[in-house]
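Hello,

Here is the structure we talked about. Please open it next to this message and follow along.

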Amino acid sequence: MDMVEAKKLDARGLFCPEPVFKTNIELAKMQTGETLLVLADDPMAEIDIKEYCSKCGYEILDMKKTDNDFEFTIKKSR
């Protein structure tokens with residue numbers, strides 16, 4: 001995939017609803033087409049961030065889970 005470097009948000013150590021709030025703030029600063037890499041370790045992050053992106057029209061390009069960490073690659077598609 002030919003992609004410019006994603007901006008990165010480390011939301012590890014934060015719990016619901018903070019990872020979604022921080023993701024929202026970062027995406028608001030970005031241009032359409034840019035990507036954001038979000039790192040989170042809140043067990044609810046998988047559900048919360050997927051739901052948030054679906055509701056707001058952002059595209060999750062990739063999601064990885066390693067041990068207790070989640071890594072989301074989100075594209076600001078609007």
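Where is the place of Thr32? Thr32 sits in the loop between helix 1 and strand 2. Helices (H or I, at least four residues) and strands (E, at least two) are DSSP runs, numbered from the N terminus.

Two notes on the source. This is a predicted model, where local features need pLDDT of at least 70, side-chain atom pairs count only at pLDDT 80 or more, and totals for chains, interfaces and linings use all residues. Residues are numbered from 1 along each chain as its sequence is written, and side-chain values use heavy atoms, with hydrogens and water left out.

Thr32 has a relative accessibility of 54%, so it counts as exposed. Buried means under 20% relative accessible area, exposed over 50%, and partly exposed in between (1.4 Å probe, protein chains only). Thr32 touches Lys76, Ser77 and Arg78, not counting residues up to four places away in sequence. Contact means heavy atoms within 4.5 Å. Pro43 is 11 residues from Thr32 along the chain, and their C-alpha atoms are separated by 28 Å.

Thr23 is in helix 1. Its relative accessible area is 0%, so Thr23 is buried. Leaving aside neighbours within four places in sequence, Thr23 contacts Leu9, Leu36, Val38, Ile49, Tyr52 and Ile74.

Thr73 belongs to strand 4. At 12% relative accessibility, Thr73 counts as buried. With neighbours within four places in sequence set aside, its contacts are Thr35, Leu36, Leu37, Glu59, Ile60, Leu61 and Asp62.

**Helix 1**

Helix 1 has 12 residues. From first C-alpha to last it reaches 17 Å, close to the 16 Å expected at 1.5 Å a residue. The expected span is 1.5 Å times one less than the number of residues. Pro19, Val20, Thr23 and Leu27 are buried in helix 1. These cover an arc of only 90° around the axis, which puts them on the same side of helix 1. The arc is that of the directions from the helix axis to the C-beta atoms. An α-helix has 3.6 residues a turn, so residues three or four places apart point the same way. The face of helix 1 turned away from its buried side carries exposed Ala28 and Lys29. The cover over the buried residues of helix 1 includes strand 1 (7–10), strand 2, helix 2 and strand 4.

**Helix 2**

Helix 2 covers residues 45–56, 12 residues, and reaches 16 Å between its first and last C-alpha, close to the expected 16 Å. Which residues of helix 2 are buried? They are Ala45, Asp48, Ile49, Tyr52 and Cys53. Seen down the axis, the buried residues of helix 2 fall within an arc of 125°, so they line one face of the helix. Ser54 and Lys55 are exposed, on the face turned away from the buried side of helix 2. The buried residues of helix 2 are covered by elements including helix 1 (18–29), strand 2 (35–40), strand 3 (59–66) and strand 4 (69–75). Gly57 follows helix 2, and its phi is positive, near 80°.

**How the helices meet**

The axes of helix 1 and helix 2 come within 10 Å and cross at roughly 35°. Axes are lines fitted to C-alpha atoms, for helices over the stretch in contact, and angles run from 0 to 180 degrees between N-to-C directions. Helix 1 supplies Val20, Thr23, Asn24 and Leu27 to the contact, and helix 2 supplies Asp48, Ile49 and Tyr52. Those residues divide into four nonpolar, two polar and one charged. Here Ala, Val, Leu, Ile, Met, Phe, Trp, Tyr, Cys and Pro count as nonpolar, Asp, Glu, Lys and Arg as charged, and the others, Gly among them, as polar.

Leu39 is in strand 2. With a relative accessible area of 9%, Leu39 is buried. The C-alpha atoms of Leu39 and Leu9 are separated by 6.3 Å, at 30 residues apart along the chain.

Cys16 and Pro17 are joined by a cis peptide bond, with omega about 10°. Pro17 lies in the loop between strand 1 and helix 1.

Asp67 is in the loop between strand 3 and strand 4. Asp67 is not a glycine, yet its phi is positive, about 50°. At 74% relative accessibility, Asp67 counts as exposed.

Best wishes
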